[in-house]
Amino acid sequence: MNAARKVACVVLLAVCVVSLAADWLAPAGFAKQFREVPGSPPSHQHLLGTDEIGRDRFARVLYGTRISLLLAPAAALVSTFLAALVGGLAGYLGGIWLRLATSFTDLFLSLPWLFLLITVRALLPLNVSPLLSVMITFFILGLLGWAASARVLSTSADSLRNSDFVLQARASGLDGPRLFFVHVLPNLKPVLYAQFWISIPVFILSEANLGILGLGVAEPLPSWGSLLRELEGLVSFREEPWRMVPLVLLIVVLTSFQLALSNEELTA
Amino acid sequence: MLLWRIVRHLAAIVGIVLLGGLLSATLVRLAPGFDADEHAFDPSLNAESVRALREARAGEHNILRFYAAYLRGALHGDLGTSHALGQPVQSLLQERWPVTLRVAGIGLLLGWLLASALAVSGCLWKRTAYDLFGTSLSGAFLCIPAAVLALLSVILNAPGYLAIALIVFPKIYRYARNLLATAYALPHITAARAKGLGEVRILFWHVLPVVAPQMIALAGITVSIALGASIPIESLCGLPGIGQLAWQAALARDLPLLVNVTVLVTLVTLLANSGADVMVHMLRPREA
């Protein structure tokens, strides 16, 4: 492991630990309004100041980081599972199944990702409880983000189907689900892990885009998307530089993800 | 062979566009609140007018019937009327498409110029610091959401196409840099250098032909990325293009508009990718 990768892992770990400690570091919570100091600059009481309705920005950044960092992997899990199901099975079965899955994947990939995302998100109820909005947002990300991974997995499973050890297993009388689950799936694990890790930063970015467009996590729950939405009212960077903290944190976390993933994983 | 390839691509495009349109129409039809019509609560309309409006929308309830009617109309140049904007979809698309074409086109051109210049100069110059600069710059832009770049361009009074350029730049740079580095390491480049050929001649005669097929394929993909990015950029920068129209249609659950925008965007994406594939096929050296 090289130095940059080590530093990236430490940064990711530190951000996760700090966000998990949000209850202790910001006991006031993300929704409490300090109505006497709305829109205040950083102070000892409010390290990053308060937003327009007096909520502590530091607390919101911590809780928002926690939500984004916990739910993006959950969405990645959903998309990787779907990719394994569609791509892995199609590659393993081959023939018409592989052609059908490839065509279906092509259909999905031919629609611009963000376009598809806002369409599906807008189709679902927008006036739901904050907790449900979080679930809906990340579940949609997971549900729609499987296509690229499925393409990679179907190619890997297809090559495994024709490999010597699978042919030998078939010759020994092994077939059907047992062959898939005992011999093919374990050999797809490295690709599955790579696809899982690659999907996390993609989903973090997508949630941020949705949040800024007002289709992400509902208020008062914070997420990186809803925190970045605050930039909309910014006139210049010099005016309130502390409002850029969520963006800097997002860049640091995503850069750390890039550095933490090896080249082999990024190209898998 | 080439003709067969073009026919196959066209057939695939027609199939995928039809399926994509049906998929988006089905999604909208199944969405909660589809039946709700704000005109029903408009006190200025009497019961008869409300009933007439409801009857006008009744055809959309059966998704297959709606889609068949849509296809029939499309063949005659009628793409329906937008519920939210109250205008024919065709005129909306004609009005908005040039804006997206201009913004995405200039953005793509700038992104390609910036990425190619950095990648080529990096390979020619071979300085670790310069390479690190290019990698860090592209890495930083990869980590910024398209919507944030749109907001930053509003704050800095920068044009929208600059945001699109910065969105496509990191993807092109990273791919182009890897391709060029691999091409420069090929034995025939070393032989050309040993024979005393200049760097410019090596680049244009010996490196670019090697990387051209992959770069053309990438060009097709970047069209899709630029169109996807046009949604937040046009919405947040106030540019009246297809991206903003898609955004408005999605929020208003405007079925005819959404289906048409979906079909148009899918069509352009597929045409770009298929065009790139046909060009790659044409450039491939023929076997003797």
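In which helix of chain B does B:L2 lie? In this predicted model, local features need pLDDT of at least 70 and side-chain atom pairs count only at pLDDT 80 or more, while totals for chains, interfaces and linings use all residues. Residues are numbered from 1 along each chain as its sequence is written, and chains are lettered from A and ligands numbered from 1 in the order in which they are written.

B:L2 is located in helix α1 of chain B. Helices are DSSP runs of H or I with at least four residues, strands are runs of E with at least two, and both are numbered from the N terminus. B:L2 counts as exposed because it has 9 C-beta neighbours inside 10 Å; a residue is exposed with 12 or fewer other C-beta atoms within 10 Å of its own, buried with 20 or more, and partly exposed in between, the C-beta atoms being placed from the backbone. When residues up to four places away in sequence are not counted, B:L2 touches B:H281 and B:M282, contact being defined as C-beta atoms, placed from the backbone, within 7 Å. From B:L2 to B:G86 the C-alpha to C-alpha separation is 44 Å, and the two are 84 residues apart in sequence.

Chain B as a whole contains eleven helices and zero strands. Of its 288 residues, 36% are buried. Among its contacts between residues at least 6 apart in sequence, 74% join residues at least 24 apart.

Between the chains, 34 residues of chain B are in contact with 30 residues of chain A. On the side of chain B that touches chain A, at least two residues each are supplied by several helices, including α1 (2-30), α9 (199-237) and α11 (255-283).

Notes: Two residues are in contact if their C-beta atoms, placed from the backbone, lie within 7 Å.
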